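Okay, thanks everyone. Let me put this one up on the screen, and then I'd like to talk about the aromatic rings.

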Amino acid sequence: MNIARHIALIDELCFRPFPAEHGPSDVGFGGPGHHVAVLETGDGPDADPARWAVTADQFEKGRDAVYEVLASRWGDVDPWNLRTVLLRTEREEIPEPWARLSALADVAWLWEVQGTGRWVAVAVAHRDPSDAVRLLAVVTETAPP
C-alpha cells in the first residue's frame with residue numbers, strides 16, 4: 001500500500017469539482033456532491049476464504065495507517081459505525097454516498113475538513129465476501145446522517 005499516494009488523492013478530491021451525474025470516474029465512482037475513490041483492490045470472490053480474510057485484515061491496517069496521517073492533520077475521531085446507518089436505510093432516506101458506503105463497509109474514519117465544506121471518510125469495503133475487498137476514500141459535501 002502506498003499511503004502517501006492515497007493521501008495525495010484524498011487531498012486532490014477535497015478540491016476537485018464533483019461530477020454532474022452518477023457513474024464511474026477515473027478514481028472509482030461518484031455523483032453530484034461526492035467522489036468515491038478506490039484506493040486499493042484486493043482479492044475477489046474467487047479467492048480462498050482464508051486468503052480473502054487476510055486481505056480484508058491487511059486493508060483494515062491500511063485504512064488505519066491512512067487514519068494516522070489524516071488524524072494528525074484534522075484531529076482524532078472515533079470510528080463511525082456504518083452498520084447503524086445501514087439499519088436506518090430500511091426506514092428512512094439516507095443520502096448518497098452514505099447509503100452506498102453503509103452497504104459496503106462496517107466502519108469508517110470520518111472527518112469534516114475545515115475550510116473546504118467537505119467530509120472525508122476512509123473505509124474497507126468487505127461486507128460481501130462474494131465481492132473484491134476494497135479500500136475506499138469518500139469525499140463529499142453531504143454531511144453524514
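So, Trp80 and Trp98: both of these are buried. Keep in mind that this is a predicted model. How many aromatic pairs does the structure hold? There are 4 of them.

Let's take one with two tryptophans, Trp74 and Trp111. Their rings sit edge-to-face, with 5.9 Å from centre to centre and 65° between the planes. Trp74 is in helix 2, residues 49-74, while Trp111 is in strand 5, residues 105-113, so this pair ties together parts that are 37 residues apart in sequence. Now, buried or exposed? Trp111 has 2% relative accessibility, so we call Trp111 buried. Trp74 comes out at 24%, so that one counts as partly exposed.

Back to Trp80 and Trp98, then. The ring centres of Trp80 and Trp98 are 5.1 Å apart and the planes are at 85°, so this is an edge-to-face pair too. Trp80 belongs to strand 4, residues 80-81, and Trp98 to helix 4, residues 98-104, so here the parts being tied together are 18 residues apart in sequence.

If you go back to Trp74 and Trp111, they're in a cluster: ring pairs link them with Tyr67 and Trp109.

Which residue lies over the face of Trp74? That's Arg73, at 5.9 Å from the ring centre. And over at Phe29, it's Arg100 that lies over the ring face, 3.7 Å from the centre.

That's what I had on the rings, thanks.

Terms used: Residues are numbered from 1 along each chain as its sequence is written. This is a predicted model: local features need pLDDT of at least 70, side-chain atom pairs count only at pLDDT 80 or more; totals for chains, interfaces and linings use all residues. Side-chain values use heavy atoms; hydrogens and water are left out. Rings of Phe, Tyr and Trp (its six-membered ring) pair if their centres lie within 6.5 Å; planes under 30 degrees apart count as stacked, over 60 as edge-to-face and the rest as tilted. Helices (H or I, at least four residues) and strands (E, at least two) are DSSP runs, numbered from the N terminus. Buried means under 20% relative accessible area, exposed over 50%, partly exposed in between (1.4 Å probe, protein chains only). A charge sits over a ring if NZ of Lys or CZ of Arg is within 6 Å of the ring centre and within 35 degrees of the ring normal.
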